[in-house]
Structures are given as C-alpha cells and as structure tokens.
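User: Hi! I'm new to this structure and would like a friendly walk through it. Could you show it to me first?

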Amino acid sequence: MWRSYEAMNFKNLTSEERIVANFINEAFEEHNQSMISTIVWINNHVNHLASQRPDVHRAMNNLTNKQFNRVIAEILLPF
C-alpha cells in the first residue's frame, strides 16, 4: 500500500528530494518493498527516466549522495 508523503515526513525534504522520494516510494511498493530491487530497477532504467520522467531524472541528477541517502532513509524509517 502506498503511503502519502505527509505520513512519511517527506514534507521535511526539499522539493527535488520530494520528487525523488515520491518516485522511489512508488517503485519501492511495486518491487515488494525491496530497496535493493528498487535501486537496481532504477539504475537499469535511467534512459527510460530521462525520456518518460524528465522531472525525476533531473531531480535525481541534482541530488548529492547525502541527499539521496536521506531520501532512502525517509522511505525506510517506518520499517
């Protein structure tokens, strides 16, 4: 079940972090809440993201490693 970003405190993230968090959270749910599968899927579909989800692609490219890790932590903290 998909959780809203308010329930997960995504409101504390920057706008680009929220874009990435919402996308990763949706993919996370689609991959049976396996972050490893989610990250591998995203990595394998970067070209698809660039053409189909340019907002997500742009936001991901603008995040530092620390910001990306914070996004993942926000998604995983409820577990």
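**A walk through the helices**

Analyst: Let's start with helix H4, whose buried residues are Val56, Ala59 and Met60. Their directions from the helix axis to the C-beta atoms span an arc of only 100°, which puts these residues on the same side of H4. Buried here means under 20% relative accessible area, exposed means over 50%, and partly exposed is in between, using a 1.4 Å probe and protein chains only.

User: Before we go on, what kind of model is this, and how are residues numbered?

Analyst: This is a predicted model, where local features need pLDDT of at least 70 and side-chain atom pairs count only at pLDDT 80 or more, while totals for chains, interfaces and linings use all residues. Residues are numbered from 1 along each chain as its sequence is written, and side-chain values use heavy atoms, with hydrogens and water left out.

User: Thanks! Back to H4: which residues are exposed on the other side?

Analyst: Those are Arg58 and Asn61. The buried residues of H4 pack against H1, H2, H3 and H5, with contact meaning heavy atoms within 4.5 Å.

User: How many helices and strands does the protein have?

Analyst: There are 5 helices and 0 strands, so named because helices (H or I, at least four residues) and strands (E, at least two) are DSSP runs, numbered from the N terminus. Of the 79 residues of the protein, 33% count as buried.

User: Let's switch to H2. Which of its residues are buried?

Analyst: In helix H2 (residues 35-44), they are Met35, Thr38 and Ile42. They lie on the same side of H2, because they cover an arc of only 60° around the axis. Turned away from that buried side is a face with the exposed residues Ile36, Asn43 and Asn44.

User: Why do residues a few places apart end up facing the same way?

Analyst: An α-helix has 3.6 residues a turn, so residues three or four places apart point the same way.

User: Nice. What covers the buried residues of H2?

Analyst: The cover includes helix H1 (15-30), helix H3 (46-52), helix H4 (54-62) and helix H5 (65-76).

User: How do H1 and H2 cross?

Analyst: Their axes come within 9 Å and cross at roughly 115°. Those axes are lines fitted to C-alpha atoms, for helices over the stretch in contact, with angles running from 0 to 180 degrees between N-to-C directions. Phe23, Ile24, Ala27 and Phe28 of H1 make the contact with Met35, Thr38, Trp41 and Ile42 of H2.

User: What does Phe23 contact, then?

Analyst: With the neighbours within four places in sequence left aside, phenylalanine 23 is in contact with Trp41, Ile42, Leu49, Arg53, Val56 and Met60.

User: Which residues touch the most other members of the largest nonpolar core?

Analyst: That core has 17 residues, and Val20, Phe23, Ile24, Met60, Val71 and Ile75 touch the most other members. H1 gives the largest share, 5 residues. A nonpolar core is a set of buried Ala, Val, Leu, Ile, Met, Phe, Trp, Tyr and Cys residues joined through side-chain atoms within 4.5 Å.

User: New topic: how many salt bridges are there?

Analyst: The count comes to 2 salt bridges, each being a side-chain nitrogen of Lys or Arg within 4 Å of a carboxyl oxygen of Asp or Glu. Glutamate 17 and arginine 70 form a salt bridge at 2.4 Å, N to O. Since glutamate 17 lies in helix H1 and arginine 70 in helix H5, the pair ties together parts that are 53 residues apart in sequence. Glutamate 17 is buried, with a relative accessible area of 1%, whereas arginine 70 is partly exposed at 36%.

User: Which residue does arginine 53 pair with?

Analyst: Arginine 53 forms a salt bridge with aspartate 55, and their closest N and O atoms are 3.4 Å apart.

User: Last one: where is asparagine 32, and what is its phi?

Analyst: Asparagine 32 is in the loop between H1 and H2. Its phi is positive, about 55°, although asparagine 32 is not a glycine. Asparagine 32 also counts as exposed, at 71% relative accessibility.
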